[in-house]
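The model is a predicted one.

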Amino acid sequence: MGLRLRGSTRRPDRISPDPPLPSETHHLDFSLTDAQREVQRTARAFAEREILPRIGELDAAAQYDRGLYEKMGAAGFLGLPIPERYGGSGMDYIAFALLCEEMERADTAFRVILSVHTGLNSLTLLQWANEEQKERYLVPQARGEKLATFGLTEPGVGSDAANLSSTARRDGDRYILNGSKVWISLADTADHFLVFATVDRSKGHRGITAFIVERGFTGFSTESLHGKLGVRAGNTGILYLSDCEVPVANRVGEEGEGFTIAMSAIDQGRYTVAAGSVGLAQACLDASLKYAHERKTFGDEIGRHQLVKEMLARMHAGLEAGRLLVFKAGTRKNAGERSTRETSLAKWFCTDHAVGSALDAIQIHGAYGYSNEYPVERYLRNSKGSVIYEGTSQIHTLLQADYLLGYRRDHPLRKPQPPFEGEM
Ligand SMILES: Cc1cc2nc3c(=O)[nH]c(=O)nc-3n(C[C@H](O)[C@H](O)[C@H](O)COP(=O)(O)OP(=O)(O)OC[C@H]3O[C@@H](n4cnc5c(N)ncnc54)[C@H](O)[C@@H]3O)c2cc1C
């Protein structure tokens with residue numbers, strides 16, 4: 001039986017690709033371990049004690065407070081997923097997601113530091129740096145004694161990072177770097193910078209090389225950017241490389257390996273952004289549920305109106321789905337499996353949902369949501385950055401379609417992301 005005509009040469013259509021293999025469907029236990037719950041509790045308590053009482057004032061004044069980052073370091077947050085032998089807390093990627101969620105639930109600026117310091121920089125050093133570099137840079141970063149960030153974007157290139165124009169010229173036992181990096185989180189306060197420059201522009205992305213730059217290196221300076229829409233309680237700025245002298249010992253990986261290193265760093269950064277956006281969406285829902293009970297119209301609390309219920313239900317559905325996408329990517333990371341595809345999907349979905357949730361939250365708050373009397377306007381301003389950095393929503397849309405169409409496949413890396421080493 002079938003729909004094929006006799007003698008037809010047309011091949012039957014495939015209904016769907018093969019179902020996922022068992023190895024892709026394991027770990028379907030959604031319960032958190034005691035250690036993961038402890039991270040969640042500690043992070044929430046930290047946010048309530050240290051961040052929430054001050055966030056309105058810091059955001060309004062567009063001021064960052066390095067002291068709060070240092071407290072996060074002292075609490076073990078900045079090295080949470082780094083193994084203990086490198087100064088970290090040795091926790092797994094799900095615990096790390098919960099930490100990002102709780103920090104962004106309070107304010108995006110405190111997840112951003114986890115993205116750049118821990119995700120884009122420290123986890124990248126763990127994967128790609130040599131032992132000497134790990135001792136010198138990763139250990140103090142994981143302990144929270146030094147702050148670190150990541151400089152890829154330039155005035156002329158963002159999404160198209162393979163086309164960057166900062167240059168690195170070898171000169172004996174050092175490189176001379178020239179160019180500038182813009183929109184760099186923590187630019188004016190970080191101590192260590194993972195920056196990318198090309199040793200040969202004619203080689204395209206194969207010329208890009210990664211370097212660790214310290215504040216204080218000859219030819220290196222920074223400046224803050226002002227007038228941002230959101231993340232006002234965080235620092236964002238510019239890095240200037242003017243004949244900046246970087247020892248050869250500070251090159252991470254091989255010459256020409258920098259683009260691969262940057263993309264694997266972004267796999268970690270995107271994970272933190274996705275997890276943080278779940279926290280932002282949660283904050284939107286929390287504020288909206290509270291307000292839906294408090295505010296009365298037409299003789300009843302607004303939560304009783306079906307169209308308000310619709311917004312709340314939609315916020316909840318996306319939140320649950322997004323959290324599961326993050327946990328799926330985190331589970332692969334725990335196993336040391338490449339998660340570029342899963343992380344991109346989680347980042348795209350969670351950040352878009354956070355923007356939608358913030359818009360709904362303002363709508364539920366009516367005119368009051370339109371003012372800074374309630375936090376929801378800050379949530380909207382903060383949510384918008386996340387659909388721009390670490391791959392815009394358009395770039396993730398294209399990536400996901402390319403995976404589906406078979407135009408994109410991930411290959412094993414020379415240095416794979418290390419798996420979580422502890423017991424689950
Ligand atoms: C608050 C904040 C913090 C940041 N922190 C850092 C940091 O710490 N380190 C760092 O290196 N960078 C950082 N960035 C920069 C960020 O990574 C870039 O802004 C991002 O990569 C997008 O690049 P762009 O802004 O140059 O946009 P562009 O690449 O110029 O894109 C402009 C528009 O065109 C669209 N577009 C581009 N190419 C395509 C395409 N092929 N198909 C369809 N649409 C396309 C984009 O989606 C976007 O809508 C930060 C940015 C912000 C806002």
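## Domains and their contact

In this predicted model, the C-alpha centres of domain 1 and domain 3 lie 20 Å apart. The protein chain is divided into domain 1 (34-147), domain 2 (149-258) and domain 3 (259-405), and 22 residues of domain 1 are in contact with 24 residues of domain 3.

On the side of domain 1 that touches domain 3, the elements giving two or more residues are α2 (34-61), α4 (93-106) and α5; the largest share, ten residues, comes from α5. Sorted by class, that side of domain 1 has ten nonpolar, five polar and seven charged residues.

## Helix α5 against helix α7

Helix α5 (residues 108-128) packs with helix α7 (residues 258-294) at an angle of about 150°, and their axes are 8 Å apart. Because angles over 145 degrees count as roughly antiparallel, α5 is roughly antiparallel to α7. The crossing of these two helices, α5 and α7, is right-handed.

The residues of α5 that make the contact include Thr108, Arg111, Leu114, Gly119, Leu123 and Trp128, while those of α7 include Ile261, Ala265, Gln268, Tyr271, Val273, Gly276 and Leu280. Taken by class, the contact of α5 with α7 has nine nonpolar, eleven polar and one charged residues.

## Helix α4 against helix α7

Helix α4 also packs with α7, here at an angle of about 45° and with the axes 7 Å apart, which makes α4 oblique to α7. The crossing in which α4 passes α7 is right-handed.

From α4, the contact is made by Ala97, Cys100, Glu101, Glu102, Met103, Glu104 and Arg105, and among its partners on α7 are Thr272, Ala275, Gly276, Val278, Leu280 and Gln282. By class, the contact of α4 with α7 has seven nonpolar, five polar and four charged residues. Gly276 and Leu280 of α7 are among the residues that make the contact with α5, and both are also among those that make the contact with α4.

## The shell around the ligand

The ligand is surrounded by 20 residues, of which the closest are Thr153, Gly158, Ser159, Thr392 and Gln394. Domain 2 (149-258) and domain 3 (259-405) each contribute at least three residues to this shell, and at the level of elements, β1 (148-151), β3 (174-185) and α11 (393-405) each supply at least two.

What is the make-up of the shell around the ligand by residue class? The residues of the shell divide into ten nonpolar, ten polar and no charged.

How values were computed: Residues are numbered from 1 along each chain as its sequence is written. This is a predicted model: local features need pLDDT of at least 70, side-chain atom pairs count only at pLDDT 80 or more; totals for chains, interfaces and linings use all residues. Axes are lines fitted to C-alpha atoms, for helices over the stretch in contact, and angles run from 0 to 180 degrees between N-to-C directions. Helices (H or I, at least four residues) and strands (E, at least two) are DSSP runs, numbered from the N terminus. Angles under 35 degrees count as roughly parallel, over 145 as roughly antiparallel, 65 to 115 as roughly perpendicular and the rest as oblique. A crossing is left-handed if the near helix is turned anticlockwise from the far one by less than a right angle, and right-handed if clockwise. Two residues are in contact if their C-beta atoms, placed from the backbone, lie within 7 Å. Ala, Val, Leu, Ile, Met, Phe, Trp, Tyr, Cys and Pro count as nonpolar, Asp, Glu, Lys and Arg as charged, and the others, Gly among them, as polar. A residue is near a molecule or strand if its C-beta atom, placed from the backbone, lies within 6 Å of it. Domain bounds come from an automatic or database domain assignment.
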